[in-house]
Amino acid sequence: MIRNIYEILIFDDIEFVSLAYQCILGRNPDEQGLRYYRGRLASGYSKESVISQLARSPERSEDINIDGLDALLRRERTLRIWFLKWFCRSKINYSNVARRDIQSSRSDSLQLVKSSEYQVVPAPSRLSQEEFYRRLSAEIFHEEESGNLERCWLADFLSLDEESFLNSCFFLILGRKPDQIGKMQYYQALLNGRDRLNILCDIYFSEEAERVRAFSDFESLPENELVDALYLRMLSRPADSLGKQSYVQMLREFDLGTVVRGIKMSEEYREKNPERVQLERLILQTLKDNQGHLQGNRENSTVAERDYQDWIRRYEKLSFIERKLLTYRAHRLARRPIFNVVMIGMDSGTVSLEKAVQSLINQIYPGWRLYIAGDLTVQLGDPASFWANLSADDRIIFRNSGDGEDMESLFLESEDNPDEDTFVLFMEAQDMLSETALFWMAETLNRYPKTLLLYSDEDRLGEDKLRSQPWFKPDFNYELLLTQDLMGKSTVYEKGLLRELGGLNPSLADGCYWDLSVRATEHLSPGEIRHIPRILFHQALPVVEAGSNALNALPSDLRRRIIMDHLQRKGVRGAQVVDAPEIAGCNRVIYALPEALPKVAIIIPTRDHANLLRRCVTSIQEKTNYAAYEIIIVDNGSQDNQTLALFHELSQKIEVRIERLDIPFNYSTLNNLASQKTDADMLCFLNDDTEVLTTGWLCEMVSQAIQEGVGVVGARLWYPDGTVQHAGVITGVRGVADHIYRGSRRGDCGDHGRAVLTQSLSAVTGACMVMKRRLFEQLDGFDENYAVELNDIDLCLRAQDMGFRNIWTPYAELIHHEKSSRGRNFDLTQERALEQMTYLMRWGEKCYADPAYNSNLSLEQSDAALSYPPRQTRFGEPAIEMLALIGRELFPELKDIIISSGILLFHKNKIVGDKYDAAKKLAEYRLKELWRLRRASGVLQAENVELLEQLFFMQESLRPASPQGFFEAI
């Protein structure tokens with residue numbers, strides 16, 4: 001309900017007439033009525049008279065009280081005359097009589113508003129969904145009947161990334177930056193699928209916003225100061241004398257709200273605050289009573305209900321306004337590539353083909369061409385068929401070819417338009433694209449202009465077109481690509497690259513797509529390959545059949561041939577490609593070792609655990625078929641007699657050395673010092689609570705580690721009960737980092753084979769890792785700030801930052817009796833908290849954007865389950881800072897880490913600070929003494945100068961680190 005006729009009177013003529021019709025007659029104006037009333041307004045008739053005339057129409061609502069409406073109009077007319085006098089800067093002296101008349105009119109109208117029988121003009125509320133959407137389009141996009149989308153501020157504002165959108169909402173409505181709690185609350189709502197317009201209304205109708213609009217913080221100010229404050233806040237300038245005089249007088253006669261409305265009606269306010277004016281009009285006139293048509297938070301699902309269909313409904317389905325906004329963004333992209341879609345597989349049936357083509361026609365992004373290779377003579381000749389209207393679309397190129405051969409020649413051999421930015425996508429006739437597929441491809445190319453190859457996530461379409469078996473892929477993962485067709489048909493190639501590659505190899509049949517993506521990687525750097533973490537491609541082929549672990553239906557010899565040819569082109573000699581032993585349809589690559597085996601130093605820190613150490617060393621000696629190794633046991637101050645006797649026994653063996661380091665336990669320091677005592681080419685860091693299972697463990701790890709571009713190599717570790725302890729590390733899981741697939745049993749292949757296939761990962765555990773010694777030295781070894789944990793992950797991330805690939809292989813297997821040697825302690829001590837805080841400050845962004853993982857997979861679980869919600873919205877990727885903020889709410893232990901580490905840092909700084917004060921006093925005393933000696937002897941002895949320099953050096957070295965930067969980072 002509009003309870004103040006001012007809400008209609010402030011609009012321009014066309015909008016005013018439209019709203020008046022909707023309020024009073026409950027419909028939009030017809031063309032004749034619109035022309036008639038616009039003519040009356042142009043002739044000088046007031047808007048009040050138009051409302052009165054409409055209110056007396058036979059069509060008016062029975063709820064309209066004519067007498068009450070007339071009184072309210074008279075009151076508004078009086079107020080508008082008052083405002084007009086000031087707008088014209090008239091020097092009329094307002095008499096007491098005039099003021100009494102105005103006050104009387106105001107009192108009468110207020111009584112009418114308060115009366116129970118009077119309900120003012122009904123608002124244009126409870127619109128039908130169709131009418132609501134039509135009005136939204138007109139309001140936000142200025143959409144014309146032709147459907148063209150003009151450039152407009154509201155659409156730009158609603159299309160901002162999430163953080164900018166929330167910042168702008170808070171600034172425009174509340175006049176301030178968002179606080180962390182508010183930002184987190186609304187960002188979580190966006191991630192959970194809440195419509196942006198709902199968020200906008202929530203902020204606008206909040207209690208704080210009501211206080212801001214009422215300028216309640218000004219009410220206690222004296223009249224003159226209040227008017228000055230209003231001018232500065234609303235018009236960004238001091239009040240002029242005439243304006244101040246007029247508004248002060250208005251304050252005495254009316255109230256603060258009347259003065260605020262008066263300023264808002266001024267042209268100056270509208271010119272200086274166009275965004276706020278448009279925003280308020282959208283909220284008050286369109287959204288206020290129609291939020292039910294918007295997409296709110298989806299109801300929470302129970303764990304049992306969380307299946308893929310539920311996930312699609314909650315996080316993928318676009319609302320009306322979201323679809324329009326993405327369309328608007330598509331038309332505003334600076335780079336507008338053309339996507340050539342090649343449709344093949346014409347024998348799948350006309351119905352499937354029609355659905356595939358329709359999915360392309362429905363694309364939000366319009367820049368595409370479709371090349372259809374097949375015999376459609378009959379369909380094109382039938383005026384009633386699906387194809388009849390398509391033949392007139394110049395974006396669709398038909399080529400009658402019964403077998404679909406040489407379909408690439410349709411565009412590969414054509415002459416290029418030098419100004420055309422072209423990419424190529426292959427589709428089978430029974431596959432479908434998401435409606436946003438081409439948009440996200442184009443948007444990614446705008447963000448990463450050097451990209452030459454794109455691929456996305458995908459799922460499967462059943463015969464009933466029900467989507468299932470989602471495949472949320474990692475970013476480009478070379479090792480995984482060798483084991484399975486990682487990119488698949490959801491791959492887009494730059495046309496020049498595709499021409500250079502020679503297109504698909506038809507001799508490889510269905511393997512031609514995998515072969516093409518593998519060949520493309522030989523010509524590209526990792527930065528030219530981009531992964532879009534969204535389901536953009538729906539593949540109909542039953543690649544994964546029920547009850548089967550097969551990931552690819554290709555014959556074994558064809559799969560192995562594709563990868564062997566690739567390795568030979570790269571010059572990798574002696575490698576073998578065999579079937580992966582634990583999952584059908586995938587490969588295992590076995591690299592050859594050089595004739596002169598690189599020497600490996602196996603470094604094992606230990607202390608007083610003779611039984612564990614004996615089992616570890618014995619398993620190495622009995623089960624390792626790699627000859628060139630030595631064992632360096634780092635004794636960290638053992639006192640146990642059995643352990644000392646074992647050291648004596650082992651030292652008699654030629655391949656074993658004992659290095660004693662009596663220092664406080666620091667895993668990083670122990671390994672760093674031990675690595676300096678060997679000339680081995682390779683380093684293997686091994687826990688003393690491990691036990692070798694497979695004889696080829698060291699051959700496998702070394703053969704991987706010596707490959708070009710490889711950093712750290714990790715092994716598959718098992719608990720003694722036969723469940724997985726380590727299948728690689730994903731950063732961010734459970735707050736900081738954790739082992740993926742921890743606790744799964746043998747035979748569980750994980751998400752699309754990720755638990756049993758060789759792959760690149762961001763990090764692997766230091767319980768068993770192998771790397772080149774020169775790389776370890778290049779990285780300056782383990783960071784000794786990490787005494788107990790996270791040192792291995794930090795080392796891997798530094799190697800990754802330098803461009804190296806860290807590898808996890810399931811074919812090097814050991815048992816890990818985890819934490820047996822030091823005890824398993826998950827209590828958050830202050831020292832442990834400081835280590836974790838150091839890690840988070842250095843690698844915080846990795847926690848939510850691990851390239852070996854996917855933003856649609858959960859960080860709360862270690863089994864790669866669907867994330868509720870995903871760490872992105874339907875509008876794009878969020879800022880890392882926002883995700884970190886939400887992560888602290890998701891994982892309460894992160895708050896404990898921040899608090900505990902902060903307390904410890906404070907105490908450490910206090911200790912250092914006390915030493916600094918003592919050193920400073922000592923230095924000042926010695927300085928005075930030295931100057932006294934100089935005055936006495938006239939010469940400052942050289943040794944005294946040296947002493948003075950040492951004192952000042954000590955003073956500076958003990959200066960405590962300021963915690964300011966630490967707490968700012970928190």
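In the predicted model, helix α13, which covers residues 223–235, comprises 13 residues and spans 17 Å between its first and last C-alpha atoms, close to the 18 Å expected at 1.5 Å a residue. The buried residues of this helix are L226, V227, A229, L230, Y231, M234 and L235. In an α-helix, residues three or four places apart point the same way, because there are 3.6 residues a turn. Beyond the end of α13 comes S236, for which phi is positive, near 60 degrees.

The crossing of α2 and α4 is right-handed, and the contact is formed by D13, F16, A20, Y21 and I24 on the α2 side and by K47, V50, I51, L54 and A55 on the α4 side. By class, the residues of the contact between α2 and α4 comprise 8 nonpolar and 2 charged, with no polar residue.

For α26 (residues 512–521) and α27 (residues 556–570), the axes likewise come within 10 Å, and the crossing angle is roughly 15 degrees, which means that α26 is roughly parallel to α27. The passage of α26 across α27 is right-handed, with W514, D515, V518, R519 and T521 of α26 meeting R559, I562, I563, H566 and R569 of α27. The residues of the contact between α26 and α27 divide into 4 nonpolar, 2 polar and 4 charged.

Methods. Residues are numbered from 1 along each chain as its sequence is written. This is a predicted model: local features need pLDDT of at least 70, side-chain atom pairs count only at pLDDT 80 or more; totals for chains, interfaces and linings use all residues. Side-chain values use heavy atoms; hydrogens and water are left out. Helices (H or I, at least four residues) and strands (E, at least two) are DSSP runs, numbered from the N terminus. The expected span of a helix is 1.5 Å times one less than its number of residues. Buried means under 20% relative accessible area, exposed over 50%, partly exposed in between (1.4 Å probe, protein chains only). Axes are lines fitted to C-alpha atoms, for helices over the stretch in contact, and angles run from 0 to 180 degrees between N-to-C directions. Angles under 35 degrees count as roughly parallel, over 145 as roughly antiparallel, 65 to 115 as roughly perpendicular and the rest as oblique. A crossing is left-handed if the near helix is turned anticlockwise from the far one by less than a right angle, and right-handed if clockwise. Contact means heavy atoms within 4.5 Å. Ala, Val, Leu, Ile, Met, Phe, Trp, Tyr, Cys and Pro count as nonpolar, Asp, Glu, Lys and Arg as charged, and the others, Gly among them, as polar.
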